[in-house]
There are 2 protein chains.
Amino acid sequence: VNDPTVTTRVTPYVLEEDAVRVLDQRFLPAQENWRVVRTAEEMADAIRTLAVRGAPLLGAMAAYGMWLGAVRARDGDRTHLDAAVAGARALLGRSRPTAVNLFHALERCDAALATAPGDPEARVAALKACADGVARADREACRALALHGARHLPDEGGVLTHCNAGALATCGVGTALGVIRAALALGKRLKVYADETRPLLQGARLTAWELMQDSIDVTILPDGAAAHLVWRGSIQAAVVGADRIARNGDVANKVGTSGVALACHRHGVPLWVAAPLTTVDPRTPDGRAIPIEERADDEVTGPPGGPPWAPTGVKVFNPAFDVTEASLVHGIITEVGVAQPVTPATLAALLAQAPAGTN
Amino acid sequence: VNDPTVTTRVTPYVLEEDAVRVLDQRFLPAQENWRVVRTAEEMADAIRTLAVRGAPLLGAMAAYGMWLGAVRARDGDRTHLDAAVAGARALLGRSRPTAVNLFHALERCDAALATAPGDPEARVAALKACADGVARADREACRALALHGARHLPDEGGVLTHCNAGALATCGVGTALGVIRAALALGKRLKVYADETRPLLQGARLTAWELMQDSIDVTILPDGAAAHLVWRGSIQAAVVGADRIARNGDVANKVGTSGVALACHRHGVPLWVAAPLTTVDPRTPDGRAIPIEERADDEVTGPPGGPPWAPTGVKVFNPAFDVTEASLVHGIITEVGVAQPVTPATLAALLAQAPAGTN
């Protein structure tokens with residue numbers, strides 16, 4: 001069997017000499033603003049402000065942030081460098097609370113540093129190699145999970161996705177959008193529907209832009225219209241990403257995902273979660289134990305960056321993520337295979353196949 | 001038993017001499033722009049552009065639009081006036097397709113005209129009386145259904161609503177928000193959560209503004225966060241309005257309602273639909289038979305009135321309404337009582353109590 005080539009024209013970052021150039025996703029699709037990140041502080045800021053976002057990408061960006069912390073302190077001694085890296089780690093660890101990939105990547109950096117020689121340049125190089133490894137592993141995981149998932153999509157029909165689990169959210173072809181890209185590469189005739197994904201509109205802004213860059217058929221809709229689209233029979237499968245998957249298979253993903261899952265469940269449409277194994281956190285027993293980040297009111301009271309449309313002083317509930325119960329998830333697609341049905345046992349079986357150091 | 005007084009400071013229109021002054025809801029909450037509507041054409045335009053909206057209010061506005069059509073032709077003979085009124089009727093009948101109240105009101109006007117004397121002034125007066133009757137009936141229906149519904153809300157807790165089924169959508173205290181107002185008047189301690197209701201944000205803009213005018217505790221949230229709010233236990237009941245209710249109890253309401261219903265159903269939270277009997281259409285067998293208006297792309301590609309945030313040329317799915325299946329509706333609250341469970345029989349029993357001419 002020949003696997004199809006899965007490609008994309010989209011890339012969210014480029015490595016430079018002692019810096020990372022990142023595509024500032026807040027300005028998409030109107031502008032492709034590239035921003036040079038030279039310090040751990042700048043990387044933490046890029047993560048916190050969502051200039052870069054997407055759980056798998058955040059892992060690589062956090063690791064490169066550690067490297068930048070070391071780079072900027074390479075002229076001192078080991079004590080100086082280690083203190084700078086510890087500061088970088090603390091800063092990056094506070095940048096976003098929900099994506100477990102970020103914490104995994106920081107732990108990989110800790111391990112790389114623990115075994116690296118004491119010479120500052122060697123420690124810089126160790127962190128660079130670690131970050132490159134995180135990025136490469138993510139790129140390979142995207143490709144592998146895309147191929148595992150592609151055969152589960154229908155030969156034709158509508159596929160619903162939420163938020164942006166694409167190339168812009170990873171170091172490769174994306175997770176959910178990687179599965180769709182691979183299915184298209186297999187010759188399947190799919191029409192993609194992308195929820196706009198309020199409040200930050202990663203669907204309307206990013207998924208639409210990303211898929212149009214690759215000439216993939218995409219239609220956007222308000223989040224509230226997703227259940228209607230499923231009800232009227234336009235959707236044959238849904239594929240979403242994940243920010244954290246608990247041991248029992250409960251999935252934290254962009255807020256609105258659980259609503260998509262409920263609509264799919266009601267109408268017998270399979271909902272697939274596509275995510276690298278780094279997203280699975282066996283230390284989290286279930287969805288109730290996942291911390292859900294709540295974000296600023298002004299993301300909801302008006303358009304991104306624009307004047308408010310809600311009354312001054314209104315109260316706001318703005319969770320960034322929600323929890324989709326395992327029983328609503330048809331299957332979890334990873335780089336080593338698919339957990340279906342989603343149970344602690346099927347998930348554990350996948351984790352047992354994970355390359356060393358993944359979790 | 002003394003019924004509580006249910007009041008609001010909010011009113012969406014004021015009658016003037018041969019004109020209707022309407023609050024242009026598109027400018028809320030930033031501005032209270034009042035607009036004088038003098039002709040049927042202007043009324044149809046106000047309805048089509050959503051300057052006025054809300055199924056019950058559209059009934060009264062359509063009837064006043066017929067009256068204005070006659071007023072502007074009162075200086076001619078009966079033939080001239082009847083032709084003008086027929087033109088007004090055609091125009092108003094094409095303004096919005098989903099709200100059945102609008103068509104009921106037009107039919108009431110037909111009947112009033114059929115029995116009115118031939119003298120133009122008498123025909124103008126007959127249409128005025130008819131429109132006043134539609135408005136009065138709606139005001140009374142709001143009050144009655146608010147009182148019927150109020151006792152079904154919990155004594156305390158969170159109540160979720162979607163879109164604006166309030167004073168701004170009716171001639172009285174509102175339907176869903178009328179029920180909440182009456183529950184508060186009974187001394188219940190409720191915290192209202194209002195979905196922002198993309199794309200036109202009638203929740204973030206109108207429900208939030210309307211409830212704050214009456215000093216009612218309200219929190220807005222993105223539509224996609226509603227399922228999460230229910231999942232985490234913050235919601236003890238949901239109350240929404242309806243644009244059309246089919247004979248079997250399927251409910252067409254603002255897009256996103258069915259998602260709220262699915263979340264409530266999953267977590268054992270009762271979802272109530274509050275609507276006057278004019279909203280029930282026995283000629284529509286079920287939700288599949290309800291025409292769902294699809295609206296312009298630019299409502300979704302950017303903020304209301306603002307520059308686009310989605311890529312140029314992206315395809316858009318923008319249904320204004322969705323269908324909530326009867327089995328997901330805990331009860332339907334009307335001015336003559338509550339249908340619970342929602343079945344063709346319980347609905348028919350309510351319709352049998354309707355005042356003559358309601359349906």
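Two strands pair if DSSP finds at least two bridges between them, and helices (H or I, at least four residues) and strands (E, at least two) are DSSP runs numbered from the N terminus. With that in hand, here is a friendly walk through the interface. The model is predicted, so to speak of local features a pLDDT of at least 70 is needed, side-chain atom pairs count only at pLDDT 80 or more, and totals for chains, interfaces and linings use all residues. Residues are numbered from 1 along each chain as its sequence is written, chains are lettered from A and ligands numbered from 1 in the order in which they are written, and side-chain values use heavy atoms, leaving out hydrogens and water.

**Strands across the interface**

S6(A) and strand S12 (residues 315-316) of chain B run parallel and are joined by 2 bridges. Within this pairing, A:Ile220 stands opposite B:Val316 in S12(B).

**The interface as a whole**

Contact (heavy atoms within 4.5 Å) links 59 residues of chain A with 59 residues of chain B. The two chains bury about 4,600 Å² between them, 66% of it on carbon and sulfur atoms; buried area is the accessible area (1.4 Å probe) that two parts lose on being put together, summed over both. A:Trp231, A:Trp309 and A:Phe317 supply 18% of the area that chain A buries against chain B, more than any other three residues.

A salt bridge is a side-chain nitrogen of Lys or Arg within 4 Å of a carboxyl oxygen of Asp or Glu, and the rule finds 8 of them across the interface. One of these joins B:Asp217 to A:Lys315, with the closest N and O atoms 2.6 Å apart.

**Backbone features**

Most residues other than glycine have a negative phi, and most peptide bonds are trans. These places depart from that pattern:

| Feature | Where | Value |
|---|---|---|
| cis peptide bond | A:Arg198 to A:Pro199 | omega about 5° |
| cis peptide bond | B:Leu28 to B:Pro29 | omega near 0° |
| positive phi | A:Leu201 | phi about 65° |
| positive phi | B:Leu201 | phi about 65° |

A:Pro199 is found in the loop between strand S5 (189-195) and H7 of chain A, and A:Leu201 has its place in the loop between S5 and H7 of chain A. B:Pro29 lies in the loop between strand S2 (19-23) and strand S3 (34-37) of chain B. Buried means under 20% relative accessible area, exposed over 50%, and partly exposed in between (1.4 Å probe, protein chains only). A:Leu201 counts as buried because its relative accessibility is 0%, and B:Leu201 is buried, with a relative accessible area of 0%.
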